[in-house]
Amino acid sequence: MGKPKAQRAPDPYQTAAADYAHNNPNQITPWGSIENTPPSFWNQGTKKKPFYVQKAPGSMTYNLSPELQSILDKQLQVSGITLDEALRRQPELANLGELPTPDRGRYEQLLFDRQKGLLDPVFAEQERSMRDRLSNQGLPVTSEAYGYDQGQFFDERNQQYGRAAMEATLGAGDYMGQEISNAAALRSIPFNEIASLLGIQQVQPPGLNQFYAPKGTDFLGAQALNSQVQQQNYQNQSGMFNNMLGGLFGLGTAGIRKWG
């Protein structure tokens, strides 16, 4: 029985390449295929003192079926057209004016004039009817009764004009807000159209989600366990070898003592 040799440590690069190959199998499906290529290395050293330099990195290549590849090509073509259109219309965003600052006084005057235009014919008719009534009663214009009825009429008319002015003041805020909203809506049209064009160009690669994620193989654990078992075997063999040498040494010593 010769002296046992110690187990050489596993080559880490070969172990890594084997682990990659175990855990990244090629896949072939109706939607296409995945081809995996493990990394490769040059050993520029020796067996005892290896020195590795990467020759080629690992790669994963997706190959769609002809049908899905055709769909993807068409989607990319449409995306390119829409993106070009969005870029062509980009200057429109730079030429947009500021939102308007409405003139509140103008709206107040417009609303009051509209209300006054509706009230004036009514008051004119009421005033004519009042004067006819007072005249038919034989009341002179300078009489106290004539002046009282006329004063009441003027007070009522002024109150109506006052309410119209108040409503115009309150309503002007609504019209100002509506003017800003209308301008903002018109201003947002090119934004929305360009955003829509940019949204269309988002492409989801068809079928790639149909590939499965392979279940990992604990190759590194198996390699470590194998090295551990071989190391244990080496230690056991070394122990047996040392015991054998010890036995032979004991026999020789006994013989020397016997014949000495």
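A residue is called buried when its relative accessible area is under 20%, exposed when that area is over 50%, and partly exposed in between. Because Trp-42 has 49% relative accessibility, it counts as partly exposed.

**Overall layout**

- The protein contains six helices and five strands, and along the sequence these elements follow the pattern α-β-β-β-β-β-α-α-α-α-α.
- Of the 260 residues in the protein, 19% are buried.
- When contacts between residues at least 6 apart in sequence are considered, 74% of them join residues that are at least 24 apart.
- The protein exposes about 18,900 Å², and carbon and sulfur atoms supply 57% of that area.

**Confidence in the model**

- The mean pLDDT of the protein is 76, with 72% of its residues reaching 70 or more.
- Confidence is highest in helix H4, where the mean is 89, and lowest in helix H6 (residues 219-259), where the mean is 59.
- Where pLDDT is low, the predicted coordinates should not be read in detail.

**The largest nonpolar core**

- The largest nonpolar core has 11 residues in all, among them Leu-111, Phe-112, Leu-119, Phe-123, Tyr-161 and Ala-164.
- Helix H4 (104-136) and helix H5 (144-200) each supply at least two residues of this core, and H4 gives the most to it, with six residues.
- Leu-119, one of the residues of this core, is in contact with Gln-160, Tyr-161 and Ala-164 when its neighbours within four places in sequence are left aside.

**Trp-42 and a nonpolar surface patch**

- Together with Phe-51 and Val-53, Trp-42 makes a nonpolar surface patch of about 310 Å².

- Ala-18 lies in helix H1, which covers residues 12-23.
- Because its relative accessibility is 22%, Ala-18 counts as partly exposed, given that the cut-off for a buried residue is under 20%.
- Ala-18 and Pro-38 stand 20 residues apart along the chain, and their C-alpha atoms are separated by 8.2 Å.

Conventions: Residues are numbered from 1 along each chain as its sequence is written. This is a predicted model: local features need pLDDT of at least 70, side-chain atom pairs count only at pLDDT 80 or more; totals for chains, interfaces and linings use all residues. Side-chain values use heavy atoms; hydrogens and water are left out. Patches are made of residues with over 30% relative accessible area and no salt bridge: like charges are joined within 9 Å, nonpolar side chains (Val, Leu, Ile, Met, Phe, Trp, Tyr) within 5 Å. Accessible areas come from the Shrake-Rupley method with a 1.4 Å probe; for residues, only the protein chains shown count as cover. A salt bridge is a side-chain nitrogen of Lys or Arg within 4 Å of a carboxyl oxygen of Asp or Glu. Buried means under 20% relative accessible area, exposed over 50%, partly exposed in between (1.4 Å probe, protein chains only). A nonpolar core is a set of buried Ala, Val, Leu, Ile, Met, Phe, Trp, Tyr and Cys residues joined through side-chain atoms within 4.5 Å. Helices (H or I, at least four residues) and strands (E, at least two) are DSSP runs, numbered from the N terminus. Contact means heavy atoms within 4.5 Å. pLDDT is the predictor's confidence in each residue, from 0 to 100.
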